[in-house]
Amino acid sequence: MTTLMMILGIVVFAVGLLVSIAWHELGHLSTAKMFGIRVPQYMVGFGPTLWSRKKGETEYGIKAVPLGGYIRMIGMFPPGEDGRITARSTSPWRGMIEDARSAAYEEIRPGDETRLFYTRAPWKRIVVMFAGPFMNLVLAVALFLTVLMGFGIPQQTTTVSSVSQCVIAQSENRQTCKDTDPSSPAAAAGLKPGDRIVSFDGVRTTSWNQLSDLIRAVPGKQVPIVVERKGHQLTLHAKIATNKVAKKDSSGQPVQGQYVTAGFLGFSAATGVVRQDFGQSLTWMGDHVDQAVDSLASLPGKIPALWAAAFDGAPRQADSPMGVVGAARVGGEIFTLDIPPTQQLASFLMLVAGFNLSLFLFNMLPLLPLDGGHIAGAVWESVRRHTARLLRRPDPGPFDVAKLMPVAYVVAGIFICFTLLVLIADVVNPVRIS
């Protein structure tokens, strides 16, 4: 049964991946057609075509390798300086440029002269190239909101899980009380596991982060604590101790290895699935985007550890880069977890949402052949033309993005090597969630 659920999870993730890719390319397709650019092909996947159908002037299809997709727009690059698009050169770098240029015109037909991509105003080209990643961002936000507001996420609550018997500085990293340790305020006040803290020092408590901040703010103060115990409310009194506790970041998470002196009550909060309101969801997503940007920026620094995990048997870090195969494996693993089906679905939707957020951020890098590279080229062209207009100089014309194709091939080569490394690590030493 476990194997069957694992396979089911992988298949469902593959479907989610195809939908995400198709959704991305739909953004490019719809805006290109809106601006009158001819699009001969809309394809999900790479390699041999499994299915295709032509509707109007566009061929729609699915290819064998579901690792990406594309639309083919004619006239992606302007003609060369001599006005030709099929010139050849013995220089390998120049050959790359000319091959890319000729490929952009290989399906040109009479009457297409006014339907070429490069003839559109820079802002229209920016819209077309940004529309793909933006669709992934829209899907990610929709899925995140569905989970956060509809299903809820596991987080600490105001319910007591366990009570500390003494005050121990968290920096000491020990669990056993010594004779010299003072009793914890929670134990002295009579707080018990299962109690739900309703209010603290006269303030109604609705979340663990709020309660934690209230406790930390009043070291040395005697405070009333209203708890709900077995359906009845009672008021306890505790004198909050002063202790060294973990520093919290902006999202309320403890910062590893950093401590502050603050108020201390002395209990562990139970974890539960809590629905977020719209404001809390926006805050959570903002923090998650910050983490994703930091992860993307730190990607090069994680390559040595990834290499060690793939070839030297080193442990795979939890925040290690993960590719499509690894994500599919995690998707399968989610379906085998011993958690309620609603939380399996919520975890799976979170995985797909995170994948779409990564697609958005990755594609926005200002490097060819990514969408961000074409956006950067259009922005630079707009700057050049506006500058020339202000200085009353001749229009410099469209920026020839084709001249950057040698750099694009180098970038693509690096991406391919990195993808292969991640693939090997995902197969021989995968990230596991259970």
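Student: How many aromatic pairs does the structure hold?
Tutor: The structure holds 11 aromatic pairs. Keep in mind that this is a predicted model.

Student: What makes the pair of Phe46 and Tyr70 stacked?
Tutor: Their ring centres are 6.2 Å apart, and a pair needs centres within 6.5 Å. The planes sit at 10°, and under 30 degrees counts as stacked. So Phe46 and Tyr70 are a stacked pair.

Student: Which parts of the chain does that pair link?
Tutor: Distant ones: Phe46 is in strand S1 and Tyr70 is in strand S2 (residues 58–72), 24 residues apart.

Student: Why is Phe46 called partly exposed?
Tutor: Its relative accessible area is 38%. Buried means under 20% and exposed means over 50%, so at 38% Phe46 falls in between.

Student: And what makes the pair of Trp307 and Phe311 tilted?
Tutor: Centre to centre they are 4.4 Å apart, with 45° between the planes. Stacked needs under 30 degrees and edge-to-face over 60, so 45° leaves tilted for Trp307 and Phe311.

Student: How do you know that Trp307 and Phe311 are separated by about one helical turn?
Tutor: Because they are four residues apart in helix H7 (residues 303–311).

Student: Are Trp307 and Phe311 buried, partly exposed or exposed?
Tutor: Trp307 has 47% relative accessible area and Phe311 has 42%. With the cut-offs at 20% and 50%, Trp307 counts as partly exposed, and so does Phe311.

Student: Which residues do ring pairs link into a cluster?
Tutor: Phe130, Phe134 and Phe360.

Student: Now the inside. Which residues have the most contacts in the largest nonpolar core?
Tutor: Phe13, Met73, Phe117, Val128 and Phe144, in a core of 50 residues. Several elements supply at least two residues each, including helix H1 (2–34), strand S1 (41–55) and helix H3 (122–151). Helix H9 gives the most, with 11 residues.

Student: What is Phe117 in contact with, leaving aside its neighbours within four places in sequence?
Tutor: Ile37, Met73, Ile74, Gly75, Met76, Arg125, Val128 and Met129.

Student: Where does UniProt place the feature "transmembrane region"?
Tutor: The unreviewed entry puts it at residues 126–151, 345–365 and 407–428. In the model, residues 126–151 are 100% helix, with the end C-alpha atoms 36 Å apart. Residues 345–365 are 90% helix and 0% strand, and the end C-alpha atoms there are 31 Å apart.

Terms used:
Residues are numbered from 1 along each chain as its sequence is written. This is a predicted model: local features need pLDDT of at least 70, side-chain atom pairs count only at pLDDT 80 or more; totals for chains, interfaces and linings use all residues. Side-chain values use heavy atoms; hydrogens and water are left out. A nonpolar core is a set of buried Ala, Val, Leu, Ile, Met, Phe, Trp, Tyr and Cys residues joined through side-chain atoms within 4.5 Å. Buried means under 20% relative accessible area, exposed over 50%, partly exposed in between (1.4 Å probe, protein chains only). Contact means heavy atoms within 4.5 Å. UniProt positions are given in the numbering used here, feature names are shortened, and annotations may be inferred rather than shown by experiment. Rings of Phe, Tyr and Trp (its six-membered ring) pair if their centres lie within 6.5 Å; planes under 30 degrees apart count as stacked, over 60 as edge-to-face and the rest as tilted.
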